[in-house]
Every structure is written in structure tokens, then in C-alpha cells.
Amino acid sequence: MQTSSCSWLNQKQAEQIANDFGTPTYVYSEKKIRENAAACLAFPNAYGLTVRYAMKANPNSSILLLLQKLGIYFDASSAWEVRRAIHIGIEPTRISLSTQELPKDFASLVEQGVEINCCSLDQLERYAKAFPGSEVGIRLNPGKGSGLNNRLSTGGLAASFGIWHEFIPQINEIAQASRCKIVRIHTHVGTGGDPDVWFQTATESLKSLDAFPHVHTVDLGGGFKIARMPHEKQSDLQVVGSAVKKAIEAVQARTGRKLHLEIEPGNFIAANLGGILSEIQDETSTGKDGYSFLKLDTGMTEILRPSLYGAQHSFRVFQKILSEETASYAIVGHCCESGDVLTVANGDSETLAPRELPVCTIGDLIMIEDAGAYCAAMPAKNYNSFPEASEVMVLENGEIREVRKRQTLDQVIQNETPIKW
Ligand SMILES: Cc1ncc(COP(=O)(O)O)c(C=O)c1O
């Protein structure tokens with residue numbers, strides 16, 4: 001049996017949310033956002049810190065605007081994220097863009113104050129051509145990655161993110177030819193990996209500093225681990241941060257450079273701020289040698305992580321009829337897709353891994369926990385024509401506010417332009 005990370009939500013509130021907004025609904029906690037932001041802002045640092053929330057984790061405007069108010073900056077992964085953030089009221093100067101696809105109109109974003117980390121030699125050439133003589137950042141692939149599996153690692157030979165560390169001479173050639181100064185080095189080596197591996201690989205980028213005399217800022221990306229399951233080891237930001245601080249102080253002692261530090265937590269801010277409230281809408285079994293299945297009214301349309309990564313989440317049942325008994329359940333989603341399984345083996349989406357839970361009945365509510373990051377932001381949207389779920393926030397004063405409405409069927413098909421046969 002597991003302890004609940006969504007213990008801030010009581011049964012009465014869960015029932016009220018299901019009643020007022022329906023299921024499935026993403027449920028977030030204002031209190032958690034504030035706590036997580038404070039923990040990140042307390043990241044130890046030697047010569048200054050900027051915390052950038054990786055908005056890809058959850059771009060809901062109520063979350064972004066609260067984070068901005070709390071002093072958080074933003075990491076965007078596409079120009080669309082940048083435009084979205086600016087559109088809802090995020091200051092352009094608070095946004096940094098590190099993207100696989102630099103848009104044709106990137107210069108207009110820079111002119112508004114957005115910072116760009118060039119993630120390929122071609123991006124750097126384009127930037128240098130548009131802004132000769134300027135200061136610019138680069139994203140490096142330091143040669144190693146960190147993540148639960150290859151799908152969550154963004155460094156090393158198999159990763160296309162950033163400029164390969166052996167191409168530093170080419171970076172400097174491009175910069176010199178256009179009188180640009182490389183002032184920021186960015187790495188992000190992956191997500192959900194072991195905190196010790198994160199530290200070793202992330203700080204590799206500090207070794208490249210000698211080749212870049214103008215660098216004043218190092219951005220070590222995100223990747224701080226949230227433990228979603230009891231066996232997982234969560235990053236302790238004070239421990240990791242102290243080690244990073246020492247590494248930065250060592251650079252100062254060796255070179256005299258006082259580096260400003262940036263971090264880009266996505267999971268660490270958003271993962272445990274909420275979950276998906278759903279209803280058990282059916283059950284079935286494959287006999288005594290098989291499994292007891294619970295079928296939820298959610299699935300890959302709200303949470304793709306189990307099928308995509310073999311990611312594991314905890315479940316909290318709100319029983320209608322209280323019972324102390326437990327049973328082993330395989331939990332599946334509502335899509336007509338054999339891969340829509342929510343209880344998978346760690347890092348292995350092919351293998352069913354049933355969970356011991358309180359005995360459930362059809363109609364019980366069930367919360368998929370720690371689903372604040374990379375869930376609402378990354379669904380198999382509208383598959384089987386299920387509408388996008390609603391999102392609500394439990395405010396510190398106890399009020400429950402809808403922060404995104406459930407899609408209507410009209411909205412699901414609104415951009416189709418039917419041929420009138
Ligand atoms: C460039 C960059 N920074 C930060 C993050 C956030 O990572 P995490 O959610 O593991 O903290 C990501 C996610 O992949 C990313 O691509």
C-alpha cells in the first residue's frame with residue numbers, strides 16, 4: 001500500500017469536484033505550487049540564481065501567472081510556447097527559448113527581449129547572421145545523459161539535443177566570424193534520472209567553460225527527480241545545489257569567474273502539484289491465471305506517460321463503501337488501444353504490473369497522483385474523440401476554481417472544414 005502525495009485533497013472535495021466539473025478532471029493545489037517554487041528559489045548558489053520553470057511540463061496560464069508573481073522565470077521549448085506565454089501576460093524578458101525548431105521569425109522574439117540558447121550549429125549561424133556583434137547562449141550536449149530510459153535522456157550519443165561537445169571549435173569559429181560573444185552555456189541532460197548521475201553529467205558542462213572566455217551564466221537545465229512511487233529516490237535540491245555551488249566556487253577559484261546559475265525545473269515544480277481525478281467506470285477479469293482489471297474514465301487521453309515511458313504513478317481510491325480489504329488490480333484507460341495501460345512495470349510499458357489497492361467498486365473515484373507535469377500538457381488529445389479534460393485548482397482558501405473547461409464536442413471538430421459531398 002502506498003502513502004498519498006495528494007493527501008491535501010479530502011474525499012468531500014474529490015466528490016464535489018466530480019459532481020461540479022465531472023471526471024476526468026486534473027486537480028491542482030495552489031499551496032503545492034507555492035511550496036515547490038519556494039524550494040526551487042532556495043537552490044544553493046554562489047553568485048546568483050535564476051529559476052526558470054520549464055513550461056512544457058504544464059503551461060496552464062493560472063500556473064504560469066502565479067509562478068511569475070512568485071519570482072520564477074520561464075524556459076520555453078518552442079516559439080509557440082514563447083508566444084503563448086507572452087499572450088497570457090508573461091514578460092518576454094523572463095523567457096528563455098531552447099528549441100529543436102528555431103522559427104523563421106525568431107528575431108522578432110529576441111527584439112521583444114526573449115533570450116535564445118542556440119541548440120545547433122545552424123541555429124547559431126542564423127542567430128549570428130541576424131544579430132552580429134551580440135551576446136548569445138548555446139545549448140551543449142555534454143556527452144552523457146540521465147533519465148529513466150532513453151526516451152527521457154537528452155544527452156549522450158543518442159540525443160539530438162544541443163551542440164555536441166566536440167564541436168566547440170566550430171562554435172567559436174561562427175561566433176568569431178560575426179563578433180558574437182558566447183555568454184551562456186545551457187545543458188539539460190534528461191529527466192527523471194538518478195540525482196547522482198544528474199549532478200555528474202550536468203556539471204560536465206562546467207568543464208567546457210575554458211573554451212568560452214565570455215560566459216557569465218551556466219544553465220544546468222531541469223531533471224530534478226520527483227519520487228512518484230515509494231521505491232523512487234527524490235532529488236534533494238539542497239544536497240544537489242550544494243554540490244553545484246561547490247563546483248561553481250571551484251571555477252571561481254581557478255579562473256576568477258563568478259558564474260550566475262540558472263536551473264529549469266519542470267517536474268520539480270509541477271509533478272506533485274496535482275493529479276487526475278477519474279471514476280472507475282467498469283471492471284473485468286481474465287480469470288484465475290489472469291488479471292483483475294479496473295477501467296477508468298481516463299487514460300492516454302489525459303496521461304500518456306505510462307504508455308510512452310513506462311512511467312509509474314500512485315493511485316488513491318476514494319471508496320463509496322469503506323472497506324479495509326485490498327486486492328491486486330491492473331488499471332487500464334478508456335481508449336480502444338491495448339497500450340492504454342496505467343499500471344506498467346518501471347520503464348517498461350509492455351509489461352503489466354498490477355497494484356495492491358483497497359477493494360474498489362464501479363463508481364468509486366480514483367486519483368492518479370503526481371500527474372501535474374507532462375500530463376495535461378502531453379495527452380493523446382482527442383483520441384477516440386474523447387474531449388480534453390477540465391483542470392481545476394484548489395486554492396489556499398479552500399475554494400475550487402476551474403482553470404480550464406472541458407472541451408465540447410463542437411470544439412473537438414471545430415477546425416475541420418468538411419467537404420459538402
Ligand atoms: C531544455 C529543458 N529544460 C528543462 C526541462 C525540464 O525537465 P524536468 O521536467 O525533468 O525538470 C526540459 C524537459 O525535458 C527541457 O527540455
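A residue is called buried if 20 or more other C-beta atoms lie within 10 Å of its own, exposed if 12 or fewer do, and partly exposed in between, with C-beta atoms placed from the backbone. The model you're looking at is predicted, so local features need pLDDT of at least 70 and side-chain atom pairs count only at pLDDT 80 or more, while totals for chains, interfaces and linings use all residues. Residues are numbered from 1 along each chain as its sequence is written.

**Exercise 1.** Work out whether D370, Y374 and W164 are buried or partly exposed.

*Solution.* Start with D370: there are 26 C-beta neighbours inside 10 Å, so D370 is buried. Y374 has 25 such neighbours inside 10 Å and is therefore buried too. W164 has 17, which means that W164 is partly exposed.

**Exercise 2.** Find where D370 and Y374 sit, and say what their phi angles look like.

*Solution.* Helices (H or I, at least four residues) and strands (E, at least two) are DSSP runs, numbered from the N terminus. Go to the loop between β18 (365-368) and β19 (390-394), where you'll find D370. Y374 lies in the loop between β18 and β19 as well. Now the angles: phi is positive at about 50 degrees for D370, and positive at about 60 degrees for Y374. Most residues other than glycine have a negative phi.

**Exercise 3.** Describe which way the buried residues of helix α3 (residues 61-69) point and what they pack against.

*Solution.* First, pick them out: I63, L64 and L67 are buried in α3. Next, look down the axis of α3: the buried residues fall within an arc of 95 degrees (taken from the directions from the helix axis to the C-beta atoms), so they line one face of the helix. Then check their partners, counting a contact when C-beta atoms, placed from the backbone, lie within 7 Å: the buried residues of α3 pack against α2 (30-41), β2 (49-54) and α4 (79-88).

**Exercise 4.** Which peptide bond is cis, the one that joins T23 and which residue?

*Solution.* The partner is P24, and omega for this cis bond is about -5 degrees. To place it, look in the loop between α1 (11-21) and β1 (25-29), where P24 lies. Most peptide bonds are trans.

Conventions. Contact = placed C-beta atoms within 7 Å.
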